[in-house]
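Biologist: I'd like to learn how to read the side-chain contacts in a protein model. Could you walk me through them?

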Amino acid sequence: MSSCKPVKLEYNRVWRLYFGGKLLDEFRGDSGSDGNFPEDWLASVVTANNPDRENKPENEGLSKAENGEYLRDIIESAPEMYLGKEHIEKHGCNFGVLTKFLDSAERLPAQVHPDKNAARNLFHSEFGKTEAWYILGGREINGEKPYILLGFKEDVTKERLKNLFDKQDIPAMSALMNKIPVNTGDVFLIEGGTPHAIGPGCFLIEIQEPTDYTISLEKCNTLGEKMPDFLCHMGLGFDKMFDCFNYIRYSFDEISARYKIKPRIIESESSYILTELIGYHNTPCFSLRKLDIKSDFQYDFKEFGPSAMVCIDGEGYIDNIKIKKGESLFMPACLNGVSFRTENGISLIQCLPPC
């Protein structure tokens, strides 16, 4: 694959310990069911951390093009064409971002991801796992509307948190965090080091730094099944894992003001509206934009460099490549302009790597 054109990607469901996926199935027009494949990784050059999974497929988590080639191999075959010289000089031969569909039928474990400093010191990685969520929808689970847990709402020390962890007092650990209801269109930034959990019934797009480092405060899933120790501490051990947490206290209003991001329209024409969901002024780790297209037009994408493009509504053509709701493309840096064609409108999410 050597010509400069968007790369259409296959669906890429990834096994996780928690249940979900029904809304994602329905989003793509299929009959929905919950199971251990609640996520789909989009334009992924990252392998999943599932070391103890039985019959784990080779390179689980890596995206493939429609011809069966891994996106990682496609990029490495012509890195300057796909990523751009400036991107490579800053970030190396790595797309630098991972995007997912995620649909939770249960509350995910209370957890934290390392920031860049912790990632360098503890995992010898230049990427931590700051992330952001764009809420696509949700459902009530056992009569409860979708919510997230985010940030400590009271003074918490490393010693107190470890004591609760050792006791596996999950209700007490969850109660340390702010509980925030979520609605379609909400945007949240979760900086590395910030404790959090996605509640039951959340259907979202997640954009993040390209790692799978997750420190879990819960040794069992919600069914009571014990998780492998590795999936709690990622190899750090049950003492050092607590160095990943940011122990800052936030009130509900403070955490909402800091991490609930207000989208802003940055371009509006008769044929399209471009909205910034997460900007580089919010985090240098990535950017997230929404493109609502009303009619055919040509757009200059050169300023954006490489990106992933995900369809969340409608259908149409991007440079003569058909795309519909739930599908995704990798957009190489070599593109100078992109043509969009649609009869009844199409909504796209553009996922951009670090600045």
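**Cysteines and rings**

Modeller: Let's start with Cys355, which counts as partly exposed because its relative accessibility is 41%. Buried means under 20% relative accessible area, exposed over 50%, and partly exposed in between, with a 1.4 Å probe and protein chains only. Please keep in mind that this is a predicted model, where local features need pLDDT of at least 70, side-chain atom pairs count only at pLDDT 80 or more, and totals for chains, interfaces and linings use all residues. Residues are numbered from 1 along each chain as its sequence is written, and side-chain values use heavy atoms, with hydrogens and water left out.

Biologist: How many disulfides does the structure hold?

Modeller: A disulfide is a covalent bond between the sulfur atoms of two cysteines. Here we call it one when the two sulfur atoms are within 2.5 Å. The structure holds one disulfide, and it joins Cys4 to Cys334 with an S to S distance of 1.9 Å. Those two cysteines are 330 residues apart: Cys4 is in the segment before β1 (7–8), and Cys334 in the loop between β19 (328–331) and β20 (338–341). Strands (E, at least two residues) and helices (H or I, at least four) are DSSP runs, numbered from the N terminus.

Biologist: Why is the disulfide of Cys4 and Cys334 right-handed?

Modeller: The torsion about its S-S bond is about 110°, so the disulfide is right-handed.

Biologist: What about Cys244: how far is its sulfur from the closest cysteine sulfur?

Modeller: That closest sulfur, in Cys232, is 13 Å away, too far for a bond. Cys244 counts as buried, because its relative accessibility is 3%.

Biologist: How do I read aromatic pairs?

Modeller: Rings of Phe, Tyr and Trp (its six-membered ring) pair if their centres lie within 6.5 Å; planes under 30 degrees apart count as stacked, over 60 as edge-to-face and the rest as tilted. By this rule there are 17 aromatic pairs. One of them is stacked: Phe123 and Tyr213, at 4.2 Å centre to centre and 15° between the planes. Phe123 lies in helix α5 (residues 116–123) and Tyr213 in the loop between β11 (202–208) and β12 (215–216), so this pair ties together parts 90 residues apart in sequence. Phe123 is buried at 13% relative accessibility, and Tyr213 is buried at 18%.

Biologist: Why is the pair of Tyr272 and Tyr299 edge-to-face?

Modeller: Their ring planes are at 85°, with centres 5.2 Å apart, so the pair is edge-to-face. Both Tyr272 and Tyr299 are buried.
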